[in-house]
Amino acid sequence: MKKVSIYILCICIAISTSCKKFLDTDSPSNFTQEYIYANPNEAIKGVYSIYALFNQDAFTSRLSNSFIPNTDVEVGGVSSAPDNSRRDIWSLETTDANGDVRTVWNNAYSAINRANIAVEGIEQSPQASNPDMKQLLGEAKTLRAMWYYWLVNYWGDVPFKLTPTRGGENFYSPRVGRDTILSMLIDDLISVETGMKTAAEVEYGVERVNREFTQGLIARLALCRGGYWLYPDMTMRRKDDYRNYYEIARTYAKKVVYDHGRTLNPSFAAVFDNQSKWIVDSKSDILYEVAFQPGFGDVGWNIGVAVDAGTHNYGSGSTYKPLTPTYAYSFDTLDTRFTKIVAIIKYNSTLTPVPTGNVTSIGIGNWSRLLVPAPFGPTSAKGTGINWPIMRLSDVMLMLAEAENELNNGPSGEAIEMLKTVRKRAFNSEDWTAKVDNYVAGVSTGKEAFLMPSLTKELGSLEENVSVITTLFDGIYLGKKSPKPNKHLLKWVRIHLMELARMIIYPTTFITVIKTTILLSGTAVYSEKPQLNHH
């Protein structure tokens with residue numbers, strides 16, 4: 001009996017000790033930052049959480065392609081009275097109660113905060129010097145810079161924070177001048193791009209941020225920093241150090257163009273058809289595209305060739321904002337890009353091609369849900385799985401041309417060659433003498449002649465959400481001082497920039513920045529003096 005009692009006592013002690021150890025075990029849901037960023041296999045999950053915020057309505061059907069229409073390129077229907085929807089943005093009648101504006105703002109700062117967490121975790125990690133960790137650091141900093149770039153273009157001076165937000169902090173951060181923001185972002189990206197991998201070396205290729213894209217983004221930010229801004233006295237001017245930033249833009253654009261063995265896809269249409277077909281091409285045009293799994297993403301639903309619902313398996317989709325007739329008629333009759341960009345037909349319920357209807361329903365044709373490899377059924381709409389391009393090689397070629405033209409006070413041989421290379425793809429080879437060589441020679445007589453209208457005609461950036469690249473760079477555009485920002489400014493824009501989106505991959509809003517800077521409640525006017533603003 002005594003032996004049994006001692007045995008039972010031993011069991012009880014053992015159970016008690018085991019229970020104590022079990023109860024003291026950390027919950028796996030309470031992973032610390034040190035654990036998450038201790039090695040690349042875990043750290044990548046933290047970085048992927050930044051990408052995840054692209055898969056929100058704030059980006060997919062708002063910021064990326066339909067935030068600001070009603071320009072000389074696109075038109076969007078508006079309500080008879082403000083209703084706090086995206087249509088109020090289109091009619092320039094937004095208030096601080098607008099749900100779409102608030103959603104985009106909140107999503108942007110959520111992405112930025114996730115990036116701040118990842119940056120801090122990686123930089124403090126004992127594995128920070130690991131090549132894979134350096135790549136992840138570059139991705140996090142580049143994604144952060146992208147979101148700040150978009151915020152600056154829509155809101156001007158904004159709260160700027162490079163550390164994670166923590167409880168107990170003051171959440172009412174002051175605005176910071178956009179020049180300060182852009183300068184810091186440029187320096188930040190320059191510090192990490194040398195440790196990044198090319199798209200060919202990164203898993204998933206251009207569906208992840210890579211070295212070429214980061215170099216291209218440095219060039220884009222530098223052109224923006226070197227350009228003109230609207231100041232409170234309603235004049236357009238740029239900082240005295242603008243040439244320094246054109247030099248940076250030239251340096252990093254050259255890296256993209258020459259260092260990675262990339263060439264343009266000979267077919268303009270194939271660039272976008274590949275996306276509709278879920279083909280990821282990491283070797284030619286695309287430098288980075290937002291990736292969407294089948295079942296996610298709005299490309300081909302709210303932008304692309306219109307398809308009516310029926311018994312077929314392709315579901316339905318349309319374009320939120322049709323093209324203007326003047327834009328459609330601005331194409332040269334021999335320009336092969338017209339048939340890809342301008343959709344004058346749609347597909348009805350039996351998939352029969354029919355006219356889109358009238359001059360106010362000209363679609364954007366770059367993407368088509370009819371090309372997806374596995375259609376989602378008759379009732380499908382969103383979730384096409386079509387990726388969304390952010391930057392292409394042709395964008396960077398034209399950035400290089402712009403920088404060369406500015407720094408040399410006129411087009412250099414390299415600038416002329418970049419323009420020719422991009423323009424050649426628009427025309428069949430038998431037309432190159434007239435439409436490329438002679439055309440480029442005619443607009444290469446001086447600085448402004450080269451930019452207005454030639455370079456502007458050829459721009460083709462998908463700044464996914466904002467507009468064509470060079471409009472974004474300078475806020476107003478390309479080294480030309482403009483009239484005061486009012487109806488006369490918009491008239492000036494129409495005169496000089498009508499054909500800005502000639503090679504645009506989705507022809508959206510070439511006066512986006514002008515609209516936001518001038519007309520949206522004055523919030524984007526430059527201010528050196530910080531102002532309180534809810535963060």
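A residue counts as buried when its relative accessible area is under 20%, as exposed when that area is over 50%, and as partly exposed in between. Keep those cut-offs in mind for what follows. The model is predicted.

Start with F59. Its relative accessibility is 0%, so F59 is buried by the cut-off above. W150 is buried too, because its relative accessible area is 1%. The structure holds 23 aromatic pairs, and F59 with W150 is one of them. A pair of aromatic rings is described by two things, the distance of the centres and the angle of the planes. For F59 and W150 the centres are 5.8 Å apart and the planes make an angle of 35°, which is a tilted arrangement. The partners come from distant parts of the chain. F59 belongs to helix α4, residues 57-63, while W150 belongs to helix α7, residues 131-155.

Another aromatic pair joins Y154 and W155. This one is edge-to-face, with 6.4 Å from centre to centre and 65° between the planes. Y154 has a relative accessible area of 3%, so Y154 is buried. W155 comes to 15%, and because the cut-off is 20%, W155 is buried as well. Both residues also sit in a cluster. One aromatic cluster takes in F67, W105, Y109, Y148, Y154, W155 and F160.

Rings also meet charges here. R238 lies over the face of Y242, 3.6 Å from the ring centre. K255 places its charged end over the ring of Y252, at 5.5 Å from the centre of that ring.

Now step back to the whole chain. The protein chain has 535 residues, and 56% of them are buried. Its secondary structure comes to 20 helices and 10 strands. Take the contacts between residues at least 6 apart in sequence: 74% of these join residues at least 24 apart.

Next, turn to helix α11, residues 268-276. Seven of its nine residues are buried, so α11 is largely enclosed by the rest of the structure. The buried ones are F268, V271, F272, D273, N274, Q275 and S276. What covers them includes β5, α13 (338-341) and β10 (388-392). After α11 comes W278, with a positive phi near 65°.

Rolling a probe the size of a water molecule over the atoms shows where empty space is left. A search of the whole structure finds four cavities of 30 Å³ or more. The largest cavity has about 60 Å³ of space. Its lining is made of N265, A270, V271, N274, Q275, I279, V280, D281, S284, D285, I286 and E289. Two elements give two or more residues to that lining: α11 and β5 (286-290). The most comes from α11, with four residues. Sorted by class, the lining of the largest cavity has five nonpolar, four polar and three charged residues.

Then there is the second largest pocket, with a volume of about 550 Å³. It is lined by 23 residues, and those closest to its centre are Y51, E207, A291, F292 and Q293. Here the elements that give two or more lining residues are α3 (40-51), α11 and β5. So which element gives the most to this lining? It is β5, with three residues. By class, 14 residues in the lining of the second largest pocket are nonpolar, six are polar and three are charged.

Finish at the loop between α3 and α4, where N55 lies. Is N55 buried, exposed or partly exposed? Its relative accessible area is 31%, so N55 is partly exposed. Leaving aside neighbours within four places in sequence, N55 is in contact with T60, F292, F296 and G297. One of these, F292, is among the residues closest to the centre of the second largest pocket. N55 can also be set against D298: the two are 243 residues apart in sequence. In space, 9.4 Å separates them, C-alpha to C-alpha.

Definitions and conventions:
Residues numbered from 1 in each chain as written. Predicted model: local features only at pLDDT ≥ 70, side-chain atom pairs only at ≥ 80, totals over all residues. Heavy atoms only, no water. 1 Å grid on protein atoms, 1.4 Å probe; cavity = no way out; pocket = protein on both sides within 12 Å on 5 of 7 lines; lining within 4 Å. Points joined across faces, edges and corners; volume = space filled by probe spheres on them. Nonpolar A, V, L, I, M, F, W, Y, C, P; charged D, E, K, R; others polar. Phe/Tyr/Trp six-rings, centres within 6.5 Å; stacked < 30°, edge-to-face > 60°. Buried < 20%, exposed > 50% of the residue type's maximum accessible area, 1.4 Å probe, protein only. Lys NZ or Arg CZ within 6 Å of the ring centre and 35° of its normal. Contact = heavy atoms within 4.5 Å.
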